[in-house]
2 protein chains.
Amino acid sequence: MSATTTDTVELGLQITDETCCVPASGDKVLQLTEAELLAARFKALSDPNRLRILSIVSSSEELETCVCDLSEPLGLKQPTVSHHLKILVDAGILHREKRGVWAYFSVVPGALESLASSLLPKN
Amino acid sequence: MSATTTDTVELGLQITDETCCVPASGDKVLQLTEAELLAARFKALSDPNRLRILSIVSSSEELETCVCDLSEPLGLKQPTVSHHLKILVDAGILHREKRGVWAYFSVVPGALESLASSLLPKN
DNA sequence: TCGAGACATCGACATTCGTCGATGTCTACT
DNA sequence: AGTAGACATCGACGAATGTCGATGTCTCGA
C-alpha cells in the first residue's frame, strides 16, 4: 500500500529550478524482480563456451547432444562442460533427458525466441 | 576438413562400438572469437540494474536520460550508475552524448535488434 | 555380483564483478 | 579567478564466476 493518493507519479514532480530531465517516468520502469529474472537468463548466455554449446546442440542432426561430444570440440574438461550445461538447463534454455548411460541435451522450444523478443520494443 | 563426401554426416559415422552420438558436426560450431564477442554483449545485459537502466532510457520522453535521473529510481549511488553506463556504452548498446554539464544517454539504434536476431535460428 | 564408463557433485583456486567513498576533471555561472 | 555541480575515475572490499582434479552415483554388460 502506497496510501495517500500516490497512485501515479507522472505529474507529481515539482520542477523548481534546473532539474536536467524527466524523472524516469515513474512506474514504467522494469521492476527489480522482473529484471533479476531476465538478467539471470542473459547471464546464462554471457559465457563464450555456453554460446558454443548452444551452437553445437542446436545444429546437431537430431537436435540432441551428449556431454561426451561437447568436451572435445570445446577444449574443456568434463566437469566444466557439465557445469555449463547445468547453468543452461537451470536457465530454462536447455532440456536434459537421460537415456541409459548418456544424457542428451536439446534447446527448449521457444526459449531463445522469448528471450529475443524481450529485447525488442513493446516486447 | 571432413572431406571424402561427408556432405551430410548422417551416415558418415562409423559406429564401431558405442559412440553415443554425432561428433558435433565439425566446423558449423560457433568460433571462439565470435562467441567471445557475442558473450561480451550478453554480459552487458546480465545485470538487473543494467536492464532497468535500459528500460528507463528507452522509455524516456526524448529517448534520452542523464545520470542524475537514474541514480534515484535505481537506488544506486552515482559512481555505480556511471559504472553500469560505461559497460553498456562499451558494449555498443548505449550512446553517450555530453551536452554542457550533463551527459545524455540513448539506445544505439538497432543494437538490441541485432542482439535479438543472433538468438534466432539461421540468425 | 562386479567392474567399466558416463555424468553429476564437491572443494579449491584464481579471476572477475558489483558497489561505493574519495577524488579528479570539466563546464557554467558569478 | 573562484565556486558549485555533474560526471568520470580510482581504490578497496565482499561476493560471484569459470575451471578442473577428486570423488560420488547410476546404468549396463560380463
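## Confidence in the model

pLDDT is the predictor's confidence in each residue, on a scale from 0 to 100. The structure is a predicted model, and chain A has an average pLDDT of 80, with 73% of its residues scoring at least 70. Among the elements of chain A, the highest mean pLDDT, 98, belongs to helix 4 (residues 78-90) of chain A, and the lowest, 80, to strand 1 (residues 65-66) of chain A.

Over residues 1-19 of chain A, pLDDT stays under 50. For this stretch the model has three contacts beyond four places in sequence. Where pLDDT is low, the predicted coordinates should not be read in detail.

## Helices 3 and 4 of chain A

How do helix 3 (residues 67-74) of chain A and helix 4 of chain A pack, and at what angle? The angle between them is about 110°, and their axes lie 9 Å apart. Angles of 65 to 115 degrees count as roughly perpendicular, so helix 3 of chain A is roughly perpendicular to helix 4 of chain A. The crossing of helix 3 of chain A and helix 4 of chain A is right-handed.

Helix 3 of chain A contributes A:Val67, A:Leu70 and A:Ser71 to the contact, while helix 4 of chain A contributes A:Gln78, A:Val81, A:Ser82 and A:Leu85. Sorted by class, the contact of helix 3 of chain A with helix 4 of chain A has four nonpolar residues, three polar residues and no charged residues.

## Helices 3 and 4 of chain B

In chain B, helix 3 (residues 67-74) of chain B packs against helix 4 (residues 78-90) of chain B at an angle of about 110°, with the axes 9 Å apart. This angle makes helix 3 of chain B roughly perpendicular to helix 4 of chain B. Their crossing is right-handed.

On the side of helix 3 of chain B, B:Val67, B:Leu70 and B:Ser71 take part, and they meet B:Gln78, B:Val81, B:Ser82 and B:Leu85 in helix 4 of chain B. The contact of helix 3 of chain B with helix 4 of chain B has four nonpolar, three polar and no charged residues.

## The strand hairpin of chain A

Strand 2 (residues 94-99) of chain A and strand 3 (residues 102-107) of chain A run antiparallel and are joined by six bridges. Opposite A:Lys98 stands A:Ala103 in strand 3 of chain A.

Strand 2 of chain A and strand 3 of chain A form a hairpin, with two residues between them. In the turn, A:Gly100 has a positive phi of about 65°.

Key
Residues are numbered from 1 along each chain as its sequence is written. Chains are lettered from A and ligands numbered from 1 in the order in which they are written. This is a predicted model: local features need pLDDT of at least 70, side-chain atom pairs count only at pLDDT 80 or more; totals for chains, interfaces and linings use all residues. Side-chain values use heavy atoms; hydrogens and water are left out. Helices (H or I, at least four residues) and strands (E, at least two) are DSSP runs, numbered from the N terminus. Contact means heavy atoms within 4.5 Å. Axes are lines fitted to C-alpha atoms, for helices over the stretch in contact, and angles run from 0 to 180 degrees between N-to-C directions. Angles under 35 degrees count as roughly parallel, over 145 as roughly antiparallel, 65 to 115 as roughly perpendicular and the rest as oblique. A crossing is left-handed if the near helix is turned anticlockwise from the far one by less than a right angle, and right-handed if clockwise. Ala, Val, Leu, Ile, Met, Phe, Trp, Tyr, Cys and Pro count as nonpolar, Asp, Glu, Lys and Arg as charged, and the others, Gly among them, as polar. Two strands pair if DSSP finds at least two bridges between them.
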